[in-house]
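Biologist: I would like to learn how to read a model like this one. Please take me through it feature by feature.

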Amino acid sequence: MQSTTHAGFGLGLRRQHYETVLSENPELDWFEILTENYLVDGGKPLHYLDRIRASYPMVMHGVSLSIGSTDPLNMDYLRQVKQLAQRIEPHWISDHLCWTGVDGFNMHDLLPIPYTEAALRHIVERVQRVQDYLGRQILLENVSSYFEYSQSEIPEWEFVAAVAQQSDSLILLDINNIYVSAFNHGFDPHTYLRAIPVDRVRQFHLAGHLNLGTHIIDTHDHPVIGPVWDLYREALRHFGPVATMIERDDQIPPLDELLLELQTARELERSYLQSTQQGARQHTGQNMALAQQAMRP
Ligand SMILES: [Fe+2]
């Protein structure tokens, strides 16, 4: 296990892999669970959860917080989240910077927020209340999107950063979502990365998607593509090592396939670290040469 600021490499826990995980004990630092799958008392999901938790740390990832909605916070849901957190003691709890419905109607979609000053104030206040209730900081993930609001007055990357800084929350940065939204809306993904404060990012998501030529649909049913790996390299240079996982939600392959994909992330981080050590050695060497030069009579 690495430090709490870099918990290592994980995978989303999927029911198709329960038995394999228990019998093969794959080399993983943690599993991310989909919170909503474990909120019902009793039954198979909780049975497997407890058994797998005995061997692996976990992080909780929810889809129902709807932090951007104008509906009141769902305190019943939050009470269940808190209970589950007491049960599995996750490294952290995350959800999405989005809204999923209004007037009690759930659209079961992670919808983007109009990036306005009013929305920012509204969300910051809600995040603070959620964190007070849960007694911990939460992570909010940047979502992929297919439309924007004409009312938006702040670039998405500045909005994501401002929510974290003003509410003292953390960020789950989905590298694939940045790539998808950059493609769909025509912005530069590097501008996005560079605008996110380094000290707020606690986790990366990597995933695959479906490119239809005119737009990308964020299907999470394919392996991570080359340009997203390139963006991950860029993220490593900007943020340094951060806990990373592969997110596959559909067409779930055998666990080995996902472990292999995760190995690519590990290797990219290793080569990033090697390059920085080399850089540091070169830097020290240059400094020593300069010092020797200066000492010459
Ligand atoms: Fe994600």
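Biologist: What covers the buried residues of α6?

Modeller: First, the ground rules. This is a predicted model, where local features need pLDDT of at least 70, side-chain atom pairs count only at pLDDT 80 or more, and totals for chains, interfaces and linings use all residues. Residues are numbered from 1 along each chain as its sequence is written, and side-chain values use heavy atoms, with hydrogens and water left out. Helices (H or I, at least four residues) and strands (E, at least two) are DSSP runs, numbered from the N terminus. Contact means heavy atoms within 4.5 Å. Now the case: the cover of the buried α6 residues includes β7 (139-141), β8 (170-174), α7 (189-195), β9 (201-206), β11 (216-217) and α8 (226-239).

Biologist: How many residues of α6 are buried?

Modeller: Buried means under 20% relative accessible area, exposed over 50%, and partly exposed in between (1.4 Å probe, protein chains only). In α6 (residues 175-185), 10 of the 11 residues are buried. Among them are Ile175, Tyr179, Val180 and His185.

Biologist: What caps the N-terminal end of α6?

Modeller: Look for a polar contact: a pair of N or O atoms within 3.5 Å. Within protein, one atom must be able to donate a hydrogen and the other to accept it, and residues adjacent in sequence count only if both atoms are side-chain atoms. Here the cap is Asp174, with a side-chain oxygen 2.9 Å from the backbone nitrogen of Asn176. After α6 comes Gly186, with a positive phi near 75°.

Biologist: Which residues coordinate the iron ion?

Modeller: Donors are N, O and S atoms within 2.8 Å of the metal (3.2 Å for Na, K and Ca); water is not among the atoms, so sites may look incomplete. The iron ion is coordinated by Glu141 (OE), Asp174 (OD), His205 (ND1) and Glu247 (OE), at 2.0 to 2.4 Å. Their spacing in sequence is E-x32-D-x30-H-x41-E. Glu141 counts as buried because its relative accessibility is 2%. Asp174 is buried too, at 0%.

Biologist: Why is the arrangement around the iron ion irregular?

Modeller: Four donors count as tetrahedral if all angles lie between 85 and 135 degrees. Four count as square planar, and six as octahedral, if opposite donors are over 155 degrees apart and all others between 65 and 115; anything else is irregular. Here the four donor atoms subtend angles of 87 to 173°, so the arrangement is irregular.

Biologist: At what angle do α2 and α3 pack?

Modeller: Axes are lines fitted to C-alpha atoms, for helices over the stretch in contact, and angles run from 0 to 180 degrees between N-to-C directions. Helix α2 (residues 43-53) and helix α3 (residues 75-88) pack at about 40°, with axes 11 Å apart. They are therefore oblique to each other. Angles under 35 degrees count as roughly parallel, over 145 as roughly antiparallel, 65 to 115 as roughly perpendicular and the rest as oblique. Leu46, Leu49, Asp50 and Arg53 of α2 meet Leu84, Arg87 and Ile88 of α3.

Biologist: Is Val40 buried or exposed?

Modeller: Val40 counts as exposed, because its relative accessibility is 62%. Val40 lies in the loop between β2 (30-34) and α2.

Biologist: Which residues does Arg14 touch, not counting those up to four places away in sequence?

Modeller: Arg14 touches Glu32, Glu247, Arg248, Asp249 and Ile252. Arg14 sits in the loop between β1 (9-12) and α1 (18-24). Its relative accessibility is 13%, so Arg14 counts as buried.
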